[in-house]
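Here is a short walk through a predicted model. Have the sequence and the 3D view at hand.

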Amino acid sequence: MINIPVIETSHLILRGHHPDDFVALKEIWEDLEVVKHISGTPSTEQQSWMRLVNYLGHWSLMGFGYWGIEEKSTGKYIGEIGFADFKREITPSITGIPEAGWILSSAVHGRGYGKEALKAILEWGDQNLSFNRTVCIINPENVRSISLAEKCGYQKVCETTFNGRPTILFERVKK
């Protein structure tokens with residue numbers, strides 16, 4: 001079994017994924033409001049399953065990965081957040097650099113959970129990752145994610161493209 005750290009915040013529990021998360025994870029990735037700035041297309045059941053498997057594989061292979069986000073007050077799975085190395089074909093290359101990413105159910109948008117969770121994983125990363133920096137990529141139309149990244153210390157590096165779509169590359173240097 002993979003040892004994935006549990007992080008508790010005021011309102012959230014960040015924990016390793018388990019098979020029972022699949023239905024909620026799939027529903028989040030099917031939500032047009034959620035995916036409109038990521039791919040623009042809802043994920044299939046197979047894509048969502050592979051995503052879940054990928055999250056666990058990252059922890060096993062890289063020593064970092066994604067956490068499932070659980071709302072403390074309800075115990076519901078409401079999203080995911082973490083670091084990955086997806087070997088993306090993007091210029092400039094970010095291969096070998098932990099890439100922060102997050103996604104939350106549209107039912108909890110606007111509650112401050114993204115900021116709470118991102119601050120928590122960045123603190124964990126500063127203490128546990130040997131890397132000097134992390135990056136994230138965000139669609140320029142996703143003003144909420146851009147604002148969140150900037151509030152948590154990410155700075156714009158450049159504008160680029162990923163999968164044929166405009167993308168902004170951000171970086172955060174370890175404190």
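Helices and strands here are DSSP runs, numbered from the N terminus; a helix needs at least four residues and a strand at least two.

The structure holds 2 cavities of 30 Å³ or more. The largest cavity contains about 70 Å³ of space. Which element gives the largest share of its lining? Helix 4 does, with 4 residues. Strand 6 also supplies at least two. Among the lining residues are Phe-83, Ile-121, Leu-122, Arg-133 and Arg-172. By class, this lining has 5 nonpolar, 3 polar and 4 charged residues.

The second largest cavity holds about 30 Å³. Its lining runs through Ala-84, Asp-85, Phe-86, Lys-87 and Arg-88, and also includes Ile-94, Ile-97 and Glu-99. Here 4 residues are nonpolar, 4 are charged and none is polar.

Now the open space. The largest pocket has a volume of about 1,500 Å³. It is lined by 50 residues, with Trp-29, Val-34, Ile-38, Trp-102 and Ile-103 nearest its centre. Elements giving two or more residues to this lining include helix 2 (32-35), helix 3, strand 5 (99-104) and helix 4 (113-128). The lining splits into 21 nonpolar, 17 polar and 12 charged residues.

Last, a helix pair. The axes of helix 1 (residues 22-30) and helix 3 (residues 45-62) come within 9 Å and cross at roughly 120°. The two helices are therefore oblique to each other. Helix 1 brings Phe-22, Leu-25, Lys-26 and Trp-29 to the contact; helix 3 brings residues including Glu-45, Trp-49 and Tyr-55. Of the contact residues, 6 are nonpolar, 1 is polar and 3 are charged.

How values were computed. Residues are numbered from 1 along each chain as its sequence is written. This is a predicted model: local features need pLDDT of at least 70, side-chain atom pairs count only at pLDDT 80 or more; totals for chains, interfaces and linings use all residues. Side-chain values use heavy atoms; hydrogens and water are left out. Axes are lines fitted to C-alpha atoms, for helices over the stretch in contact, and angles run from 0 to 180 degrees between N-to-C directions. Angles under 35 degrees count as roughly parallel, over 145 as roughly antiparallel, 65 to 115 as roughly perpendicular and the rest as oblique. Contact means heavy atoms within 4.5 Å. Ala, Val, Leu, Ile, Met, Phe, Trp, Tyr, Cys and Pro count as nonpolar, Asp, Glu, Lys and Arg as charged, and the others, Gly among them, as polar. On a 1 Å grid over the protein atoms alone, a cavity is a set of points where a 1.4 Å probe fits but cannot get out, and a pocket is an open set with protein on both sides within 12 Å along at least five of seven lines; lining residues have an atom within 4 Å of a point. Grid points are joined across faces, edges and corners, and a volume is the space filled by probe spheres set on the points.
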